[in-house]
Amino acid sequence: MQILLIGGSPAQRSRTQILLDHSADWLRHRGAQTLTWRATDIPAEVLLHAQFAHPSIAQLREDVAQADGIIIATPVYKAAYTGVLKAMIDLLPERGFEHKVVLPLMTAGSANHLLALDFSLKPLVAALKAEEIISGVYASDQQIHYPDADHPARIDEDVKRRLQDNLEAFHQALQRRPSQQQAVA
Ligand SMILES: Cc1cc2nc3c(=O)[nH]c(=O)nc-3n(C[C@H](O)[C@H](O)[C@H](O)COP(=O)(O)O)c2cc1C
């Protein structure tokens, strides 16, 4: 089972990335293979000028094609997903998430933009023709803690529980489906 994790934060120190790292660990413990692409892995000019032919985009498209499941995580910026996430997604094929199970995650400064998950991120995922979209998790900054000298990164129990429920649903949906490798064999 091949899982691609996509991180849409432009920040190097990122709470969204903490949710993704936790999710990747959870999935690897269940035997999945994981690969992470952050928006910051792609050169800025490639995103700005939509350079479809750049080698990094060829690799991203290949990794998306090979994935059985995708976890897409973004901070809320101005009540929606980030611009860099959209710039990255714009470089994928029109039906890039076809036959895939997708789990959306969002972090935000407060609970005020909770509906951004349903009205912003999920429609974007649906536009790429995802086969199945898991309900998703929205968490606020107060619930995700950066590591410090004494502690590793920490996620509040409530968010951890919701994330775990979503990961279970994601994993089960993937187990019901043939893998991408089997589908092309
Ligand atoms: C430019 C910008 C716009 C933001 N807009 C919103 C917003 O509309 N609503 C909200 O709740 N939080 C907003 N935030 C807060 C971020 O969503 C929040 O801090 C998030 O956890 C950052 O994720 P990251 O650490 O992965 O970058 C904004 C932050 C920035 C920098």
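User: How far does a polar side-chain atom of His113 lie from a nitrogen atom of the ligand?

Analyst: This is a predicted model, where local features need pLDDT of at least 70, side-chain atom pairs count only at pLDDT 80 or more, and totals for chains, interfaces and linings use all residues. Residues are numbered from 1 along each chain as its sequence is written, and side-chain values use heavy atoms, without hydrogens and water. For His113, the distance to that ligand nitrogen comes out at 2.8 Å.

User: How much of the ligand's accessible area does the protein cover?

Analyst: Gly109 puts a backbone N or O atom 3.0 Å from a ligand nitrogen. Ser9 has a side-chain N or O atom 2.6 Å from a ligand oxygen. Of the 650 Å² that the ligand has on its own (Shrake-Rupley, 1.4 Å probe), the protein covers 74%.

User: Which helix and which strand each supply at least two residues of the shell around the ligand?

Analyst: There are 17 residues around the ligand (a heavy atom within 4 Å), and Ser9, Ser14, Thr16, Val76 and Asp141 come nearest. By type, the shell splits into seven nonpolar, seven polar (Gly goes here) and three charged residues. Going by DSSP runs (helices of at least four residues, strands of at least two), the two suppliers are helix H1 (15-29) and strand E4 (101-108).

User: Which residue caps the N-terminal end of H1?

Analyst: Look at the backbone nitrogen of Thr16: a side-chain oxygen lies 3.3 Å away. Thr16 itself is among the buried residues of H1 (under 20% relative accessible area; over 50% is exposed, in between partly exposed, 1.4 Å probe, protein chains only), along with Trp26 and Leu27, among others. The residue that supplies the capping oxygen is Ser14.

User: What is the phi of Lys78?

Analyst: Most residues other than glycine have a negative phi. Lys78 sits in the loop between strand E3 (69-75) and H4, and counts as exposed at 83% relative accessibility. Its phi is positive, near 50°.

User: Which residues does Glu94 contact, leaving aside neighbours within four places in sequence?

Analyst: Glu94 is in the loop between helix H4 (83-89) and E4, and is exposed because its relative accessible area is 72%. With contact meaning heavy atoms within 4.5 Å, the residues are Ala127 and Leu128.

Key
Polar contact = N/O pair within 3.5 Å; in protein donor to acceptor, adjacent residues only side chain to side chain.
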